[in-house]
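Open your viewer and get ready to click along. We will go from stop to stop, selecting a few pieces each time and looking at what is there.

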Amino acid sequence: VNYEEIRYEGYGIGGAAIIVDTMTDNRVRTVAEVRHALSKHGGNLGTEGSVAFQFKHCGQLVFAPGTSEDKVMEVALEAGAEDVITDDDGAIEVLTSPFEFEAVRDALEAAGLKPEMAEVVMRPENTIELSGEDAVRMQKLLDVLEDLDDVQAISHNAAF
């Protein structure tokens with residue numbers, strides 16, 4: 001069996017951008033499933049490159065609120081991180097290039113800083129706020145896409 005990775009791009013509720021990464025042995029079946037899920041739940045499939053420009057491929061490490069911001073910043077920037085962001089809730093987010101991700105993660109862990117989440121992601125450059133019924137419909141759409149057998153990862157720019 002020959003598997004291939006395919007990325008589909010589309011739009012969800014309220015124009016939110018969605019990227020669906022798949023691995024499949026049958027590209028025709030997979031595109032039909034993704035297109036059906038999107039159209040049935042209020043979204044639509046876009047063309048290649050239609051939403052990817054709204055995302056940045058990067059390493060992302062998230063530390064819990066209460067973690068020493070100064071220590072995270074010092075170690076992360078020394079190890080080659082691109083940016084350190086403190087969110088409104090006090091969580092600290094470290095961004096790296098995908099190629100520097102492992103070195104930065106290892107340096108932070110060696111310094112005793114354990115991230116809650118650490119992975120290479122497609123991070124949205126901007127977000128679309130959804131609330132009420134739109135947020136419920138978007139979450140349903142994301143759940144349906146996630147349940148498809150060939151789907152490996154989903155990125156979106158919706159903020160609930």
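A residue is called buried when its relative accessible area is under 20%, exposed when that area is over 50%, and partly exposed in between, using a 1.4 Å probe and protein chains only. Keep these words handy for the tour.

Before you click, note that this is a predicted model, in which local features need pLDDT of at least 70 and side-chain atom pairs count only at pLDDT 80 or more, while totals for chains, interfaces and linings use all residues. Residues are numbered from 1 along each chain as its sequence is written, and side-chain values use heavy atoms, with hydrogens and water left out.

**Stop 1: a sheet**

Helices (H or I, at least four residues) and strands (E, at least two) are DSSP runs, numbered from the N terminus. Two strands pair if DSSP finds at least two bridges between them.

Select β3, β1, β2 and β9: in that order, these 4 strands make an open sheet with antiparallel pairing. At its edges are β3 (44-45) and β9 (151-156), each pairing on one side only. Now zoom in on β1 (residues 4-11) and β2 (residues 17-24), antiparallel strands joined by 8 bridges. Which residue in β2 is the bridge partner of E9? Look for I19.

**Stop 2: the helices on this sheet**

Contact here means heavy atoms within 4.5 Å. Axes are lines fitted to C-alpha atoms, for helices over the stretch in contact, and angles run from 0 to 180 degrees between N-to-C directions.

Show helix α1 (residues 27-40), which lies across β1, β2 and β3 and runs at about 20° to β1.

**Stop 3: the cores**

A nonpolar core is a set of buried Ala, Val, Leu, Ile, Met, Phe, Trp, Tyr and Cys residues joined through side-chain atoms within 4.5 Å. In the largest one, with 20 residues, select I18, V20, V34, M138 and L145, which touch the most other members. Which elements give two or more residues to this core? They are β1, β2, α1 and α4, and α4 provides the largest share, 6 residues. Another core lies apart from this one; it has 13 residues, including F63, V84, F101 and L108.

**Stop 4: H41**

Find H41 in the loop between α1 and β3. Is H41 buried or exposed? Its relative accessibility is 19%, so H41 counts as buried. Leaving aside neighbours within four places in sequence, H41 is in contact with I13, K140, L141 and V144.

**Stop 5: another sheet**

Select β5, β6, β4 and β7, in that order: these 4 strands form an open sheet with antiparallel pairing. Since β5 (83-86) and β7 each have a single partner strand, they stand at the edges, and one side of each has no neighbour in the sheet. β4 (residues 55-63) is joined to β7 by 8 bridges, the two running antiparallel. G59 has V120 as its bridge partner in β7. Helix α2 (residues 69-79) packs on this sheet, touching β4, β5 and β6 (92-96), and its direction makes about 165° with that of β5.

**Stop 6: A111**

Finish in the loop between α3 (101-110) and β7 (117-124), where you will find A111. With a relative accessible area of 24%, A111 is partly exposed. Not counting residues up to four places away in sequence, A111 touches K71 and V75. The C-alpha atoms of A111 and K71 are separated by 8.7 Å, although the two residues are 40 apart along the chain.
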